[in-house]
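Please open the structure in a viewer and keep the selection panel at hand.

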Amino acid sequence: MGTVRLDEPVRWRVWVLGGVVLWAARRWWRVASSVEPYRLRWKRRELRPGELTYAALGDSLAQGIGASDPERGYVGLLAARLERETGRRVRVRNLSRSGVRVADVLRDQVPELLALDPAPALVTVSVGTNDAGKVPAAELRATFGELCAALPAGTLVADVPRFHRGRRAARGRETAALLREVLAGHPHLVPVGLDEVTRHTGLDHRAADLFHPNDRGHARYAETFWRAGFSSSSRA
């Protein structure tokens with residue numbers, strides 16, 4: 001069998017396509033391999049003293065996965081803004097873990113939160129994305145209700161951001177609606193609408209894995225948390 005020879009235009013297109021695939025694979029790997037380095041960065045961040053404490057609970061969104069740096073995730077951005085607005089240093093206790101579900105936050109992170117002394121000046125929660133389509137609605141409703149009941153007054157609790165493709169998109173919307181319904185029964189908490197604010201965002205707000213937010217996406221999350229928690233109507 002003879003060797004297949006490609007003419008110059010075809011070779012050029014193959015090279016370009018191969019380069020694009022390699023570029024995309026490297027960007028995807030950077031996101032996928034950031035879980036442990038980001039977790040360790042947050043552990044080191046806890047050593048920085050502060051006059052105020054900010055405690056973050058949740059999953060990979062709170063870890064900042066998808067951002068170019070953990071501090072550019074929404075938790076880091078909120079901490080920086082709280083320092084600017086108050087003029088006081090903020091210690092961050094990021095209790096979140098990538099891949100967890102609502103039940104994990106209730107079992108593992110809430111006890112850590114309640115043991116903090118002094119109590120945090122700011123608490124945020126973002127979880128539920130990993131439950132969407134995997135945990136039966138009745139079970140999720142009950143577990144999320146337990147979580148809400150256990151959280152201190154004034155905690156900022158988000159629904160889940162919008163998925164934009166396939167069957168998972170519908171499941172994500174259903175999960176967001178369920179979380180909002182449960183939250184409505186806990187007026188001591190402050191709801192944060194990530195589902196609504198991500199309704200019209202596109203690929204320019206997503207990381208290379210097309211799932212987590214990138215720097216722009218995390219900045220939008222941070223702004224949404226801030227407006228929910230520090231508007232004149234929601235927080236003194």
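Begin by selecting Y54 and V92: Y54 stands opposite V92, which belongs to strand β2. The model shown is a predicted one. Around this pair, strands β1 and β2 run parallel and are joined by 5 bridges.

**The sheet**

Now extend the selection to the whole sheet. It is an open sheet of 5 strands with parallel pairing, and the order across it is β2-β1-β3-β4-β5. At its edges lie β2 (90-94) and β5 (190-192), each of which pairs on one side only. On average, neighbouring strands are turned by 20° against each other, direction ignored. Strands of a sheet pair through backbone hydrogen bonds, either parallel or antiparallel.

Next, select residues 52-58 and 122-126. These are strands β1 and β3, which run parallel and are connected by 5 bridges. Within this pairing, A56 stands opposite T124 of β3.

**Helix α4**

Select residues 74-86 to display helix α4, which packs on the sheet and touches β1, β2 and β3. The direction of α4 makes about 160° with that of β1. The length of the helix may be checked against expectation: at 1.5 Å a residue, its 13 residues should span 18 Å, and the end C-alpha atoms are 18 Å apart, which agrees.

Which residues of α4 are buried? They are Y74, V75, G76, L78, A79 and L82. An α-helix has 3.6 residues a turn, so residues three or four places apart point the same way.

**Salt bridges**

The next stops concern charged side chains. Side chains of opposite charge can pair when their charged atoms come close. The count for this model comes to 16 salt bridges.

Select R45 and E71, whose side chains meet in a salt bridge with an N to O distance of 2.9 Å. This pair links distant parts of the chain, since R45 lies in helix α2 and E71 in the loop between α3 and α4, 26 residues apart. R45 is buried, with a relative accessible area of 5%, whereas E71 is partly exposed at 25%.

Move on to D215 and R72, which also form a salt bridge, at 2.9 Å from N to O. Here D215 is in helix α9 and R72 in the loop between α3 and α4, so that the pair links parts of the chain 143 residues apart. D215 counts as partly exposed at 23% relative accessibility, and R72 is likewise partly exposed, with a relative accessible area of 44%.

Continue along helix α9 to E223 and R227. Their side chains meet in a salt bridge of 2.8 Å, N to O. Because E223 and R227 are 4 residues apart in α9, about one helical turn separates them. E223 is partly exposed, with a relative accessible area of 28%, while R227 is exposed at 58%.

Then select D159, R162, R180 and D195 together: these residues are linked in a network of salt bridges.

**A buried loop residue**

Select T129, in the loop between β3 and α6 (137-150). Is T129 buried or exposed? Its relative accessible area is 5%, under the 20% limit, so T129 is buried. Show its neighbours as well: beyond four places in sequence, T129 touches D59, L61, V160, P161, F163, R168 and F211.

**Confidence**

For the last stop, colour the model by pLDDT. The mean over the protein is 86, and 81% of the residues reach 70 or more. Select residues 14-29, over which pLDDT stays under 50; the model has 5 contacts for this stretch beyond four places in sequence. Over residues 232-236 pLDDT also stays under 50, and 9 such contacts are present. Where pLDDT is low, the predicted coordinates should not be read in detail.

How values were computed: Residues are numbered from 1 along each chain as its sequence is written. This is a predicted model: local features need pLDDT of at least 70, side-chain atom pairs count only at pLDDT 80 or more; totals for chains, interfaces and linings use all residues. Side-chain values use heavy atoms; hydrogens and water are left out. Two strands pair if DSSP finds at least two bridges between them. Helices (H or I, at least four residues) and strands (E, at least two) are DSSP runs, numbered from the N terminus. Axes are lines fitted to C-alpha atoms, for helices over the stretch in contact, and angles run from 0 to 180 degrees between N-to-C directions. Contact means heavy atoms within 4.5 Å. pLDDT is the predictor's confidence in each residue, from 0 to 100. The expected span of a helix is 1.5 Å times one less than its number of residues. Buried means under 20% relative accessible area, exposed over 50%, partly exposed in between (1.4 Å probe, protein chains only). A salt bridge is a side-chain nitrogen of Lys or Arg within 4 Å of a carboxyl oxygen of Asp or Glu.
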